[in-house]
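Here is a short note to read alongside the structure. Keep the view open and find each place as you go.

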Amino acid sequence: METFIEIQNKAEKLENLIKKTNIILEKEKRVPIPFNDFLYLAATNPKLVFRDIFQLFHDMVHYYIPEGYDDYEKDSEYVGFVEYDTKQLFQDGVDSPFFSDRLFANRFMNLINSFVKGSQNNRIYIFEGPPGSGKSTFLNNILSKFENYSKLPEGISFKTYWRLDIEKLGGFQSKEMQKYKIAEEHQKDKQKSADESLLILPEKYLEFSCPNHDHPILQIPKEFRKEFLEELISDEEFKEHLFNDKKYEWVLKDVPCSICNSITRSLMERLKDPLEVFTMISARRNYFNRQLGEGISVFNPGDPLIKENLSKPALQFMINDLLKHDEVKYTYSYLAKTNNGILALMDIKEFNVERLKAFHGIISDGVHKVELTEEYIKTLFLGLVNPEDKIHYEKVKSFQDRIVSVKIPYILDYNTEFSIYKNKFGEKIQSKFLNGVLENFAKIIIATRLEKDAPALKKWLIKPEIYSNYIDKNLLLLKMQVYIGKLPEWLREDDIKRFDRKIRKEIIEFSEQEGQRGISGRKSLAVFSDFISKYENSERLITMEDVKEYFTNKKDELEIDLPSDFIDKLIDLYDYDVLQQVKDSLYFYNEKHITNEILNYLFAINFEIGDVKKNDLTNEEIEITEDYLSNFEVRILGNNATLSVRKNFRNEVLNDYVTQTLSQEIRVNNKKVTETKQFKNLFDKYTRNLKENVLAPYLNNDNFRRAILDYGTTAFYTYDERIKRDVSQLINNLVNKYSYSEIGAKQVSVYVLDKKIDNKY
């Protein structure tokens, strides 16, 4: 028996649930607004009102995805390879997140941006990818977000809603209508209200929506529409776009559906006054609901074909009686439910092959027959396809210029693959690995998806053999860095300079051929689960040796096709990275001294050799000599830099200082010199060279190694002050700057010493 308190708690929970439900219903309320009110909204906010499905979809994507950026590109080097944050669109608030790498994000955003560059209603957009690439998850998530967006104020769109004034039209008069009960009688008998044979007759208005979701502005006769909008809208800049841009062409050219057209014609014949006709037109917010197939319809391959047309006999009966004729045919196809909406085919196979073929004529001409009536269709057609299923349409010539294909390959960005593991197995999974090892596990998976050929990379690097300690013979590791938009720091200045727009564009374009084979997304999770299960109870952190051992033993079982040197070179690159981290953590520098050195150099290169000038930023007087400039340059470029290399560097620094740092960042953006991109780059290169030899005194120092192992214990206090200071600085910096745990910091430090990695580089 429940207690009173338990019953009261349940009642409170129910009350809270009802309140939340009411809030949701209030948000989704779609109260029709009179045509005059709609026109006022169109006049005051035309950008919001005049949107077809393609513009609405474009705005939805940009609502969830902020503007992208690319740190590497200058305006002259732009290739359209932008870093986009797709988390809000594909991951937040969904049942199964979709993880987009930078390559796919750019393909997707290029497609979306094309939606507002012209008419797109004669295309079907097919997302192509191998099984396990996440196509279905992608489509489900984007449709879900579109449905959510359509409920927001920013996502509003309108359709025509009819409110026929029964009194003005003379009321229902035919004898057949008399057998139906009027609304008041109907409500007296609750049991009778469940009887479908009874028809509730409206008292004042016969209300119904346009089943084709006609935009209300289309009810203005086409021949008068431009003149009407010219007077309605005061925003001259918008009108310029409205009357000239391809994306707004529909506003002036489209016509209402046959149902709305015949109703308007009938009302004009009866009322003889256009203004009276428009009092019976309202605008209503569009309702997008995938589950009901309203505005969004998704067909799976096994869903049977729909051949019957749709109608509402009761409504048809009332329209005929009220308008005193049968010219209005309230009949439409299932395609009308997604007119100005989205229709998607989950896979191009089975019944969906027939649907695709049926859509061809509609996509080409935008019109099809419903009985004897023409039905105009403007729908965003989407589809998913596996590569092997393209045979159903790729050889059909008439399809070739109607299908826009966007590839969804397996993930080619190791950071994204790494994020998938964290999402599936939890954020804490990273704590089981030494820093960088989990990312390298992902790189091995990515490598199975890449083509071994790299023509653009080979064209770029004149002497790739000089990087033998960092890259594999097929350049897969370097390719991965380009695919995430970041060049590795070990590249020489001359190679970085050669990484121009043409080379970068060729590399990115080659990615279209990759990600179609190798370990799939689903299999990758299974492989990672198998790997991690072997170390669940281990007290030490997982290392690169563990990763190498696993893939070496599992190579045949997993059918992994990797270059023979790939994992060894991956370890070499890992060794280089951890060596830099340990050196940086041991290294202590005088920041003020280095800052002044850079500020003086940037000042000095503006003058001639032999000049003596005072730099007001440092209060130092500088005699500008070749030796003075060279001494700074060798700290940046290394002792082996030739005179020609140093002078080229000097000229480039001066050019960047004048054209970017001084003219843009300092004078326009009001930055201090030390806040500019150029200063930060020089500071990074300067300190990097200074720390190259910082580890040398400790390589053969057993006390230093033992002190690392004893750090955090009472034994640590027995060492001399210098070792305690250096070890403490090393561990603290690894923890604070590189996010190691204390155990990880000790483990990686000993790893660097024991493997004598410093001698390797």
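How do α10 and α11 run relative to each other: roughly parallel or roughly antiparallel? Keep that in mind for point 1. One caution comes before it: this is a predicted model.

1. **Helices α10 and α11.** Find α10 at residues 222-232 and α11 at residues 236-244. Their axes are 10 Å apart, and the packing angle is about 170°. Angles over 145 degrees count as roughly antiparallel. The two helices, α10 and α11, are therefore roughly antiparallel to each other.

2. **Who meets whom there.** On the α10 side, look for K226, L229 and E230. They meet K239, L242 and F243 of α11. Sort the residues of this contact by class, and you get three nonpolar, three charged and no polar.

3. **Helices α19 and α25.** Now move to α19, residues 437-447, and α25, residues 544-558. Here the axes come within 9 Å and cross at roughly 25°. Angles under 35 degrees count as roughly parallel. So α19 and α25 are roughly parallel to each other. The crossing of α19 past α25 is right-handed.

4. **The residues of that contact.** From α19 come V437, N440, F441, I444 and I445. From α25 come M544, V547 and F551. What classes do the residues in the contact of α19 with α25 fall into? Seven are nonpolar, one is polar and none is charged.

5. **S266.** Next, look at a single residue. S266 sits in helix α13, which spans residues 258-271. Is S266 buried or exposed? The cut-off for buried is under 20% relative accessible area. S266 has a relative accessible area of 1%, so S266 is buried. Leaving out residues up to four places away in sequence, S266 touches L323, H325, E327 and V328.

6. **V750.** Helix α33, residues 742-754, holds V750. The relative accessibility of V750 is 10%, so V750 counts as buried. Which residues does V750 touch, not counting those up to four places away in sequence? They are R705, I708 and L709. Take R705 from that list. V750 and R705 are 45 residues apart along the chain. Their C-alpha atoms are separated by 6.6 Å.

Methods:
Residues are numbered from 1 along each chain as its sequence is written. This is a predicted model: local features need pLDDT of at least 70, side-chain atom pairs count only at pLDDT 80 or more; totals for chains, interfaces and linings use all residues. Side-chain values use heavy atoms; hydrogens and water are left out. Axes are lines fitted to C-alpha atoms, for helices over the stretch in contact, and angles run from 0 to 180 degrees between N-to-C directions. Helices (H or I, at least four residues) and strands (E, at least two) are DSSP runs, numbered from the N terminus. Angles under 35 degrees count as roughly parallel, over 145 as roughly antiparallel, 65 to 115 as roughly perpendicular and the rest as oblique. Contact means heavy atoms within 4.5 Å. Ala, Val, Leu, Ile, Met, Phe, Trp, Tyr, Cys and Pro count as nonpolar, Asp, Glu, Lys and Arg as charged, and the others, Gly among them, as polar. Buried means under 20% relative accessible area, exposed over 50%, partly exposed in between (1.4 Å probe, protein chains only). A crossing is left-handed if the near helix is turned anticlockwise from the far one by less than a right angle, and right-handed if clockwise.
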